[in-house]
Amino acid sequence: MSETGKHQGIFEMETYKKIVYPNFSREVLGKLEPKTFLDYGCGDGYMATLLEKNIEKNLYDINHGGIKEDELKKEKHSYRIIDSLTELKMEKYKNYFDVILLSFVLICVQEEETYSDILKTIKYVKKEDGKLIILDCHPCFMKHRYSYFYTAYSENFEYLSDTEKSFTKIIRGYDKNDPSIKKEVSFRDYHRPLSFTINTLVECGFKIIKMKEWPDLGFDIHKKNELYPPLYHLECK
Ligand SMILES: C[S@@+](CC[C@H](N)C(=O)[O-])C[C@H]1O[C@@H](n2cnc3c(N)ncnc32)[C@H](O)[C@@H]1O
């Protein structure tokens, strides 16, 4: 971890996998006891592997190539990969899901129209009494770093390394097929104000029923920062 990362309440990817996501899936998703679950923007699909085996898990991501099926298969989870938005919008998924998760997805969305479209699709596929759970960076601390991802691909990962490029993450690595070729990929995060999130949810027909801030537990090598919670989640219906 970089020097700047040590005291900022930043979680490493391993911490997410070992502590944050298991806590969250047990304390929030598991307690809702869904029969049908959709992880929208599921990434590698890790959250689904933490849920009870008998829950029907549906995974959708705009880039579904990243889903790691091995873990789900190994543990004999009941799961389905939804390949496209067109498939998700089919009649059979109307009012279908008990719980839908958006975990660190809205923070990746640049266009406000796409943001609303995602919520409208979720409204369509969610059961009337189903729940939408949004997990994201805390919106009141928009200028704080919140995470420090390290993947096998990344040689170095800069986050908010200078103010000009705030919220742009840069991953440096090598071409898988030719390790002599260096590669650089950058991503931008969009830390929107809470009012934007609330207003857009309401416009898309949701009611917010709960908000919880997730404190910095100080579980990486960084010093615990009690003054700011790096994450929050919203429960909506
Ligand atoms: C930061 S990752 C989070 C992955 C996973 N939800 C997690 O918590 O580990 C954001 C994910 O959102 C997906 N994503 C971004 N925009 C999307 C969209 N418009 N529709 C569906 N997925 C999207 C990306 O492909 C990526 O896998």
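Guide: Gladly! Let's begin with burial: a residue counts as buried if 20 or more other C-beta atoms lie within 10 Å of its own. Keep in mind that this is a predicted model.

Visitor: What share of the 237 residues in the chain is buried?

Guide: Buried residues account for 27% of them.

Visitor: And why is strand E2 largely enclosed by the rest of the structure?

Guide: Strand E2 covers residues 36-40, and four of its five residues are buried, so the rest of the structure largely encloses it.

Visitor: Which strands is E2 joined to by bridges?

Guide: There are two to look at here. Strand E3 (residues 56-60) runs parallel to E2, with five bridges between them; in this pairing, Asp 39 stands opposite Leu 59. Strand E5 (residues 97-103) also runs parallel to E2, joined by three bridges, and there Leu 38 stands opposite Ile 100.

Visitor: How many helices and strands does the chain have?

Guide: Its secondary structure comes to six helices and twelve strands. For contacts, look at sequence separation: among those with a separation of 6 or more, 59% link residues 24 or more positions apart.

Visitor: Now the ligand. Which residues come nearest to it?

Guide: Of the 15 residues around the ligand, the nearest are Gly 41, Gly 43, Ile 62, Ser 103 and Phe 104.

Visitor: How does that shell divide into nonpolar, polar and charged residues?

Guide: Eight residues of the shell are nonpolar, six are polar and one is charged.

Notes
Residues numbered from 1 in each chain as written. Predicted model: local features only at pLDDT ≥ 70, side-chain atom pairs only at ≥ 80, totals over all residues. Near = placed C-beta within 6 Å. Nonpolar A, V, L, I, M, F, W, Y, C, P; charged D, E, K, R; others polar. Helix = DSSP H or I, 4+ residues; strand = E, 2+ residues; numbered from the N terminus. Buried ≥ 20, exposed ≤ 12 C-beta atoms within 10 Å, placed from the backbone. Contact = placed C-beta atoms within 7 Å. Pairing = 2+ DSSP bridges.
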